[in-house]
Amino acid sequence: MWKALQKHWPEYFCEAALVALFVLADCLFTVFLKYGGSPFAPLVTPSYLRRLCLGLALGGATVALVLSPLGRISGAHMNPAITLTFLLLRKIKPFDAAWYVIGQTAGVVLALVLLAVTIPKPIMDPAVNYAVSTPGPAGELAAFAGEFGIAFVLMFIVLWVNNTPFLARLTPWFAACLVVLFVLVESPLSGATMDPAFATVADAFGHVWTGWWLYVASPLLGMPLAAWAYSRTRRSVYCAKLFHYSSHRCIFNCQFPALLAREAAERGREL
């Protein structure tokens, strides 16, 4: 495990930084939209408008982070459930997966500590409270079903797009559109978290454990099940990177050159 750290620490560091940046974006946009002292909050009082604004902000952050130099280096999983799903698909080695999960969790902790130190009043305000997700009025079972469903759909579509010639370049955009849709439509049920590390650490900081189990169980069940369903289609999984069109090294069990060869062959047939 220590040899993996010595060899691949830049990827682990980039993964932790990506998660920290995403959590900062999530919490800061939540402050802008929900904190009573924010000048933006009175401008978006309808709940659906707040969800749309938050979804667009997080969708934009998703694209920016996946396509950033950090994302091109690490592969931009930004979620332990995604990393563990790629582990089940044998696209990432166990020690690498372990360090990725450690880095992702550390990124969440770092971001929330930074927010607690720099803007304690807004981030601890009951309307924000570290962007903790809790089940909606429909209850925990409905929240579990919602989280499970969006985790399944996200993973299945990401796998399908990311392993299809020419479409693979658009994986960050497909993921971003799904994030916008989930926040707008599904978040009233559960908050649309899909991230067991963020859910757990935020609950610890916010001292709110309502429905904690479902935010851990649903993505850890939904995403691997999506991978199993994808495997039934007998389509390949080329790599665990969500955007592979760069010169950065790849530490995964990578077959991406085969996808590039398919693209070149199809382009040649068109000519």
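Contact here means heavy atoms within 4.5 Å. Helices (H or I, at least four residues) are DSSP runs, numbered from the N terminus.

## Basis

The model is predicted: local features need pLDDT of at least 70, side-chain atom pairs count only at pLDDT 80 or more, and totals for chains, interfaces and linings use all residues. Residues are numbered from 1 along each chain as its sequence is written, and side-chain values use heavy atoms, without hydrogens and water.

## Helix α4

Helix α4 spans residues 80–88, and its buried residues are P80, A81, I82, T83, T85 and F86 (buried: under 20% relative accessible area, 1.4 Å probe, protein chains only). Their cover includes α5 (94–118), α7 (140–162), α9 (196–206) and α10 (212–231).

R90 follows the helix and has a positive phi, near 65°.

## Cores

A nonpolar core is a set of buried Ala, Val, Leu, Ile, Met, Phe, Trp, Tyr and Cys residues joined through side-chain atoms within 4.5 Å. The largest has 62 residues, and V23, C27, F86, V108 and L112 have the most contacts inside it. Helix α1 (residues 2–34) supplies the largest share of this core, nine residues. Another core, of six residues, lies apart from it and includes V44, L58, V179 and V183.

Beyond its neighbours within four places in sequence, F86 touches H77, K91, I92, M155, L159, V237, C239, A240 and L242.

## F29

F29 lies in helix α1.

Technical notes
Buried < 20%, exposed > 50% of the residue type's maximum accessible area, 1.4 Å probe, protein only. Helix = DSSP H or I, 4+ residues; strand = E, 2+ residues; numbered from the N terminus.
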